[in-house]
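Here is a short report on a single protein chain.

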Amino acid sequence: MRAFACLSILFMFPVCLGLGKSVTTITDENWQSVLEGEWMLEFMAPWCPACRQFSETWSKLADWSRDLDINVGVVDVTENPGLSGRFLVAALPTIYHIKDGEFRQYKSGRKEDELMSFVDDKKWQEVEPVSWYLSPGSYQMGAVGFFFKLAMKIRALYTMMIEEYGIPEWGCYVIFAIATIMTGLILGLVIVFLCDFVFPSRPSPPSTYMYDKRKGQGETNKADEDDQDIIDDTKDSHQNNIPPKEMSDDSKKSKEEDIPKVADSPKSQTRKRNVRKAD
């Protein structure tokens, strides 16, 4: 009986300490659960040697999660590429501390006591949270995650085209290039159509500068035509040998008055000789 009591105490002791809680697997479908409460979230990959070495420490942290009043999660980036893009995971393993939707990246030691101290002593308050425009919960980071998922699907399609259908690599590149060009053209047409539909173009009023410029050109052309008519009339009169019209007497007088009178030169004056009588 005493032995049974001792075994019961040994069995209940880990439960009282909070041991035995497993690590929660986070995927693209349930990742929003980390926005509530306090979480320690690890990003890993099965092929990563550092991740395999760190997995035991991470499991021990999960065993203490009840006492620390936190949740411990893990994300496999090979199965959830959208989350790796949403959180901008550039190295493995990457650890995030999440508190009520506020994200902080953990960059301290990787030992069990250091992880527990970071949570228990609230050292996460000393870490600057992720900026709002880089927050994994924002729309723009959701778009980044979407493109990460799209890239992984294209990669899977590329592998299938080579391994299952036997298409050479250059053939795959040509197919992807044509698909990219066609997609760009279709998206461009859709964007232009939407812009014209939302913001229809309005006819702009004629510019005052252009009106004045055209008016000036019209006057210049009219003056040139008048000059050309005068020149043509003169040419016609010479060609037809039409005698010029005689000037009237009044015109002659006015013309003579306009011409300045030149005084007679001494040479032009007639010398008068005094005739002497002969003796």
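Two strands pair if DSSP finds at least two bridges between them. Strands (E, at least two residues) and helices (H or I, at least four) are DSSP runs, numbered from the N terminus. The model is predicted: local features need pLDDT of at least 70, side-chain atom pairs count only at pLDDT 80 or more, and totals for chains, interfaces and linings use all residues. Residues are numbered from 1 along each chain as its sequence is written, and side-chain values use heavy atoms, with hydrogens and water left out.

**Overall make-up**

The protein chain holds 9 helices and 5 strands. Along the sequence they follow the pattern α-β-β-α-α-β-α-β-β-α-α-α-α-α. Of the 279 residues, 22% are buried, that is, under 20% relative accessible area with a 1.4 Å probe, counting protein chains only; exposed is over 50%, and partly exposed lies in between. Contact means heavy atoms within 4.5 Å. Among contacts with a separation of 6 or more, 70% join residues 24 or more positions apart.

**The sheet**

The 5 strands form an open sheet in the order β1-β3-β2-β4-β5, with mixed pairing. Strands β1 and β5 (102–106) are the edges, each pairing on one side only. Strand β3 (residues 71–76) is mostly covered, with 5 of its 6 residues buried. Strand β1 (residues 24–25) runs parallel to β3 and is joined to it by 2 bridges. Strand β2 (residues 38–44) also runs parallel to β3, through 6 bridges. Some partners in β3 are listed here.

| Residue | Partner in β3 |
|---|---|
| Thr25 | Val74 |
| Phe43 | Val75 |

**Helices on the sheet**

Helix α2 (residues 49–63) lies across β2, β3 and β4 (94–99), at about 165 degrees to β2. Helix α5 (residues 112–120) also packs on the sheet, touching β2, β4 and β5, and its direction makes about 145 degrees with that of β2. Axes are lines fitted to C-alpha atoms, for helices over the stretch in contact, and angles run from 0 to 180 degrees between N-to-C directions.

**The surface**

The accessible surface of the chain comes to about 22,100 Å², with 58% belonging to carbon and sulfur atoms. Areas come from the Shrake-Rupley method with a 1.4 Å probe; for residues, only the protein chains shown count as cover. Where does Phe199 lie? Phe199 sits in the loop between α7 (169–198) and α8 (208–239). Phe199 counts as exposed because its relative accessibility is 64%.
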